[in-house]
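Please have the sequence and the model open while reading.

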Amino acid sequence: MLPLRPWESPEITSWRRLPMHAVDRRPGSIGLDGTWRFQLLPAPDAPLADHWSTLEVPGVWTMQDAGASDPPHYTNVTMPWPHHPPASPAANPTGVHERDIDIPADWAGRRIVLQVGAAESVLIVEVDGQAVGIGKDSHLASEFDLTGVVRPGERSTLRLTVVKWSDSSHIEDQDQWWHGGITRSVLLYTTDPLHLADVAVRAGRDGALRVDCQVRPAGGALPPGWFVSGELEGWGELAQDTAFDAGMRADERVSEFLGEARLSATVTGVRPWSAETPHLYRLTVRLHRADGTVADRSRHRIGFRDVEIRGRDLLVNGERVFIRGVNRHDFHPLTGRTLTVEEMRADLATVKRFGFNAVRTSHYPNDPALLDLADELGLYVVDEADIESHDHAHEIADDPRYLPAFVDRVSRMALRDGNHPSVVVWSLGNESDYGANHDAAAGWLRRHDPTRPLQYEGAAKTDWSSTRIASDIVCPMYASLDEIVAHARSGTQTKPLILCEYSHAMGNSNGTLADHWAAIETTPGLQGGFIWELWDHGILQRLSDGRPAGRAGAGAYADGVAGEGHRWAYGGDFGDTPNDGAFCADGLLFPDRTPKPAMYEHRELAAPVRLSYDGRTVTVHNHQHFRDLSWLTAQWLLSCEDGDEVTAPAALPDLPPGGCAELPVPPGLTAALPADGGETWLTLRVTTAGDETWATRGTEICTPQIRLRERETVPFGTTPARGRVEVDDDGLLLHPLLTAPPVLNLWRAPTDNDLLGGAADLWRELGLDTLVRKPLSVSREGATVSVRSAYDTGAGPVVHEQVLNPVPDGLLIEERVVLPDGLSDVARVGSVFETVAGLDRIEWYGHGPWESYPDRCSAPVGRYGAGVDALFTPYLRPQESGGRHGVRGFTLRPADGGPGLAIRLDSPRQVAVGRYRDRDLADAAHHDELVSRPCPVVRIDAAHRGLGTASCGPDTLPPYLVGAGTYTWSWVLRSL
Ligand code: IPT
């Protein structure tokens, strides 16, 4: 073991680590991934035992059986131990990873380098017992020169000791699971002693290309006769920049010293890179010996594009692009943090398919493959440095002991990622207050890379008009809509406003996303934001022994649900204390990558194709910045309340980005419309015309919709019919199809937003979760039965009236309730009842097919059908789920189509049919605790509270609140 205790010294960011660079050394390398010998020590200075177990590398020990004594631990802001920076606890799990490495004999005379993709949080490297180096910075690679340490043709023992807790943990206090171990691949590579140490590319949309090459160990000039060449596929050789050479000779390199050789070209006819048009070019840089032979080679895929800020707009290739972003961690439910390239590709394809064009690598540089994929698939990236000192932010931001770490982390990120066209903005980190250490890092970055803006939320936190240097963008988190609009209209805005986090996706959430985008798209100065976040960080846990399932759990889940014998674990489920519970389950995707309904909402809001209708003409709009519509194809879909759905092909016009044109509706389509068909909607189902890199041909992109004909209000119950309404002595409806009669419902199983935003507490205090019905009166007049009942609440009694009447097509139920002033914010006002068992299939006319709520209802209106089970969305912590908004009517029948019931509603209403009572959901912490009820539970709401995002950020907007006043609703129940 080393004499120093590097885990206690923030000043030591590394020891004998090689500088970061952008040369991809994976090709031709020797991979060291696989099964390693492993020991988990209780502390870094504890002695090694005789016994070794094994561990898969890359892979954190916290997720593998060899690390059973140190399971995953989730905290958000709070550090898991009380020590102040830079101290860490004496009990400090330390993983010793060991394996043999065979060095090829033909590596003799060459330089040999070890690359460890990522290790958290301190990496100590030894070979054959000899200290080689130290690395910190858990989400970037560390490289060490093994030349002279290992012997070509011989076997050596490589030992990687990873210390879990350190001074670095205090600046890696991100809101995610704490793990320990090696999270990215380990490899060995070789180069000529004189090699390409770095290659820095700048490529503008005008075709100007500059490539700066650093050769080591050279020292400012190449040896006599050696030279560097560059070749751009499809274009040819790049020229040596002779002015640069001359400058080098004159030793005038006072600024912008980026290497020993500069190549340049002005590439004509270049096709610029953008997220919509991710054109890439292959660049090969070669280092030649004096005899012309190639000593080293570096391959790049580059994109020509410009990023700049003009006024308060962020421009890509001169265009003010909307940033439809999402925050992404490196997360996997089976491995914790390690992902394969195929998994990352599939993830980013999903992101693209749902209309996102940007990713923030919250809160550290993500796996390098992610940026290759972002270049290729087309995503703008805000690349964020691995700095989050959240719990001790104020202490650290100005602490000179942490100054080297700040500059090290920011500079290493920029050195690794600077050649990626996808990276459009650098971020100095997250939630770390603001101090001199940030300005130091910003200073380095501005000098090193003048081509990209940088952002740091903390630098402009309180004063968005501030001129502080560490942020070119105002990038607040969870600001209210009013605040951002007010800033954009204030006349004091000097920088682009792009929310670094907004619309917290915890549980059933992302309410008011449509309101946000309506404001962003119409308010100059607002340019978008990044939804928090992509994943629910649920770890697949075996119920038998409470351990993470690990890679063996592959396939033990489906459609977002953990399968038999498993559950999705969140904070506390591994006995981890302190913890922040389900706050890590706040993503748009379930842990297994199944999209939540909010993904579809986003897709519609990001639609590249939009429709408008002025009562006569339908106009189609191209909402893209760089692409025409030729990659899309479309189909009309006409649906009316009382008729069949009709389709017809649609011919999308040749429209430039930003353009619009009339889109004629085929006369045959509207001719099919029944004259008395009721409300009518015209939907354009837009799909991909061919294969995209992120979607196969025929993938649905969006479904813009216009209403062609309004609903005529047909009053219910004007014609009395024969028949008798049966009620019991208390006035409860007796109906052969119902197992529980309709009663008043003012509550919902609290969503995470309801819980963390405080609404759920209020409802409990008012007793809305435990309403008890007291019959007041039952009267009969002819065929009409009138029932009055009362429910006591903390705000006084609530009187509920039901008038029941036989009508020609069934039973009409008219309901009325008056909420007193004290009930100013309730979950819902409506009826709840249960049907006979076996009515397992629903068909409805309303928003769909996916789940929708009053403030998250961009789903198109139409006629939809599904199994009752499939309506439910398995949010990690069970809660209100499965609602459908604006339902005009529905039927429930057995899956095989036998007899059932139909319900017609007076107006479009919020409806939820499911297998659980609200109380069942509210009382369960995980899905394995829920028992599905055979009799479907049906809720029809006169009003339903919006979802908002109050678990972290603004609640829903006032129009979506449900408060005091009179509510009436009526519905007809009919047997089928
Ligand atoms: C913000 C964090 O940046 C992010 O990591 C995550 O914790 C998110 O909130 C909530 O899920 S910080 C919060 C204190 C606003």
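How many salt bridges does the rule find across the interface of domain 1 and domain 2?

**Basis of the model**

This is a predicted model, in which local features need pLDDT of at least 70, side-chain atom pairs count only at pLDDT 80 or more, and totals for chains, interfaces and linings use all residues. Residues are numbered from 1 along each chain as its sequence is written, and side-chain values use heavy atoms, leaving out hydrogens and water.

**Domains**

The protein chain has domain 1 (6–191), domain 2 (205–302), domain 3 (343–535 + 585–600), domain 4 (538–582), domain 5 (608–703) and domain 6 (738–954 + 964–975). These bounds come from an automatic or database domain assignment.

**Interface of domain 1 and domain 2**

The rule finds 1 salt bridge across this interface, a salt bridge being a side-chain nitrogen of Lys or Arg within 4 Å of a carboxyl oxygen of Asp or Glu. The side chains of R25 and D296 form a salt bridge at 2.8 Å, N to O.

Taken over C-alpha atoms, the centres of domain 1 and domain 2 are 34 Å apart. The contact (heavy atoms within 4.5 Å) involves 4 residues from domain 1 and 5 residues from domain 2.

**Residue L497**

L497 lies in strand β31, residues 497–502; strands are DSSP runs (E, at least two), numbered from the N terminus. L497 counts as buried because its relative accessibility is 1%, where buried means under 20% relative accessible area (1.4 Å probe, protein chains only).

Beyond its neighbours within four places in sequence, L497 contacts several residues, including W464, V474, I484 and L526.

Definitions and conventions: Helices (H or I, at least four residues) and strands (E, at least two) are DSSP runs, numbered from the N terminus. Buried means under 20% relative accessible area, exposed over 50%, partly exposed in between (1.4 Å probe, protein chains only).
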